[in-house]
Amino acid sequence: MTPNTLLRVARRTLVAGAAALLVGTFLVPSTVTPTVAADGPASVADLAQGLLGAVVNISTSQTVKGSEGPGAVPMPQLPEGSPFQDFFDDFFKNRGGDKGGGAQKVQSLGSGFVIDAEQGIVVTNNHVIADADDIEVNFSDGVTLKATLVGTDTKTDVAVLKVDPKGHKLTAVKFGDSTKMRVGDWVMAIGNPFGLGGTVTVGIVSARNRDINSGPYDDFIQTDAAINRGNSGGPLFNSLGEVIGINTAIISPSGGSIGIGFSIPSQLASGVVDQLRQFGETRRGWLGVRIQPVTDDIAESLGMATAKGALVAGVIKGGPVDNGTILAGDVIIKFDGKDIHEMRDLPRVVAESPVGKAVDVVIVRKGVEQTVKVTLGRLEDGEKLASGEDGSNTDQDNGDKAPAVSTAAVLGMTIGELNDETRTKFGIAADVSGVVITDVTKDSAAAERGIQPGEVITEIAQESVATPKDVMDRIGALKEQGRKNALLMLASKTGELRFVTIRMD
């Protein structure tokens with residue numbers, strides 16, 4: 001055998017050995033054809049083919065006042081025959097962007113999907129159609145229909161549109177149950193990225209219950225399915241072809257997909273869509289409380305084993321619980337059978353509840369767990385009420401006895417009697433009662449908590465205080481009990497309440 005022949009044999013042997021090693025790594029015998037798991041099909045062509053007709057492109061136009069001077073964007077100079085020439089002609093010339101000044105026609109593109117073929121109902125994001133003068137729905141076969149706005153919800157970024165169902169044969173999709181989705185489940189996104197038209201991307205659920213600080217009810221599904229500009233309002237499907245999310249946001253330094261996209265879960269969106277279709281607006285449940293997180297320090301001060309729930313910092317006058325059912329200082333740990341693990345859980349659960357429903361609320365009050373019955377109001381009515389009042393319903397008695405001391409120094413604060421003089425000095429409202437903070441020592445524990453002169457101590461460890469002596473006595477009692485922190489309920493100059501904990505070492 002010649003040297004060249006030996007070399008070829010050796011190469012074949014090495015390649016065969018490497019292939020066997022790779023097959024062995026994945027535990028697949030070389031004689032067996034790999035099978036595809038049911039959760040991860042080798043092809044999604046059949047699924048996509050049945051869904052593409054229900055996914056639409058949303059085109060909007062809006063007339064805005066043009067800019068003048070250096071703020072006007074000039075028409076870029078492109079090489080002759082550039083493939084982007086038509087795009088920039090539409091973007092600049094048709095909108096007056098190369099002229100500066102005057103009214104301009106601004107256009108935008110997004111995505112949406114049909115959920116009711118008989119009624120012609122289309123769902124998209126609110127930010128896709130916000131402030132639009134004209135809305136058009138473009139179907140995958142090239143048909144375009146004018147759309148009217150049924151209703152919008154800025155809190156969840158959901159909008160409902162209607163087209164004439166007689167103008168085109170519509171294909172609809174239905175909402176699925178997003179609560180059944182697990183991290184790692186396959187999902188498919190269909191939308192209109194960068195105005196290209198119907199585009200299919202596939203990925204998995206990367207995370208659940210994401211809070212990206214975009215609204216009060218953030219509970220996003222995170223996915224690595226490619227979502228780009230123009231995908232907004234498009235559906236996120238499960239492997240059954242059900243909509244389990246509405247694609248609405250991405251995190252990207254470049255504006256393109258880096259595999260971090262967010263979808264509004266169908267559990268939240270479907271209820272909003274139903275209300276918008278029925279009423280043209282949302283009608284959410286309302287509890288009528290102001291809340292804040294339960295920190296470890298607050299939990300310890302309240303005698304709770306773990307930090308959980310939502311701490312009630314104030315009760316809105318005229319609200320559903322202004323009858324004393326729930327008080328400032330209570331911690332809500334369960335609402336209508338649903339556990340409240342952290343503060344942000346409560347607004348979402350309450351909002352999803354029907355107006356007028358009587359629900360059981362489990363609270364912790366002064367270390368004791370108890371259940372109260374509450375009948376919910378309507379959030380939209382409550383927002384008007386809350387905007388005009390101070391949120392405090394605490395009626396405290398200042399007492400008619402003279403205080404033992406007029407001022408005192410405690411926990412890095414100088415405190416004093418709340419009288420006409422101090423009310424005038426700090427501009428404190430007449431219905432605020434307690435002990436006024438007149439000074440805060442720099443670098444003290446109180447300063448670290450952001451306490452400011454002019455705030456009023458109304459309670460310490462859930463007991464009312466009316467004089468500086470009351471404050472000193474309560475702090476002394478807590479130290480005797482071995483407490484490391486003191487829980488203070490503070491009122492602002494206008495009466496808005498908040499809780500803080502201060503170290504007593």
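**Close-ups of a predicted protein model**

**View 1. Arginine 284 and aspartate 153 pair up in a salt bridge.** Their closest N and O atoms sit 2.4 Å apart. To count as a salt bridge, a side-chain nitrogen of Lys or Arg has to be within 4 Å of a carboxyl oxygen of Asp or Glu. Arginine 284 is in the loop between helix 5 and strand 14 (285-286), while aspartate 153 belongs to strand 6 (residues 148-153), so the pair ties together parts that are 131 residues apart in sequence. Helices (H or I, at least four residues) and strands (E, at least two) are DSSP runs, numbered from the N terminus. Both arginine 284 and aspartate 153 are buried. Here, buried means under 20% relative accessible area, exposed means over 50%, and partly exposed is in between (1.4 Å probe, protein chains only). This is a predicted model, where local features need pLDDT of at least 70 and side-chain atom pairs count only at pLDDT 80 or more, while totals for chains, interfaces and linings use all residues. Residues are numbered from 1 along each chain as its sequence is written, and side-chain values use heavy atoms, with hydrogens and water left out.

**View 2. Stepping back, the protein chain has 11 helices and 28 strands.** Of its 505 residues, 45% are buried. Now take the contacts (heavy atoms within 4.5 Å) between residues at least 6 apart in sequence: 62% of them join residues at least 24 apart.

View 3. Strands pair if DSSP finds at least two bridges between them; strand 11 (residues 235-237) and strand 12 (residues 243-250) run antiparallel and are joined by three. Look for proline 235, which stands opposite isoleucine 246 in strand 12.

View 4. In soluble globular proteins, nonpolar side chains tend to be buried together. Zoom in on valine 173: leaving aside neighbours within four places in sequence, valine 173 is in contact with Leu51, Ala54, Phe113, Val114, Ile115, Phe237 and Val243.

**View 5. Arginine 348 sits in helix 7 (residues 345-351).** Arginine 348 counts as buried, at 12% relative accessibility. Arginine 348 makes a salt bridge with aspartate 345, with 3.3 Å between the closest N and O atoms. Both residues lie in helix 7, three residues apart, about one turn of the helix. Aspartate 345 is buried too. Beyond neighbours within four places in sequence, arginine 348 is in contact with Tyr217, Asp218 and Asp219.

**View 6. Arginine 503 and glutamate 448 meet through their side chains in a salt bridge (3.1 Å, N to O).** Arginine 503 is in strand 28 (residues 497-503) and glutamate 448 in helix 10 (residues 445-448), so this pair ties together parts 55 residues apart in sequence. Arginine 503 is partly exposed, with a relative accessible area of 37%, whereas glutamate 448 counts as exposed at 53%.

**View 7. Valine 321 lies in the loop between strand 16 (310-315) and strand 17 (331-335).** Valine 321 is buried, with a relative accessible area of 0%. Not counting residues up to four places away in sequence, valine 321 touches Leu287, Gly288, Val289, Val315, Ile326 and Val374. Glycine 377 is 56 residues away along the chain, and its C-alpha atom is 9.4 Å from that of valine 321.
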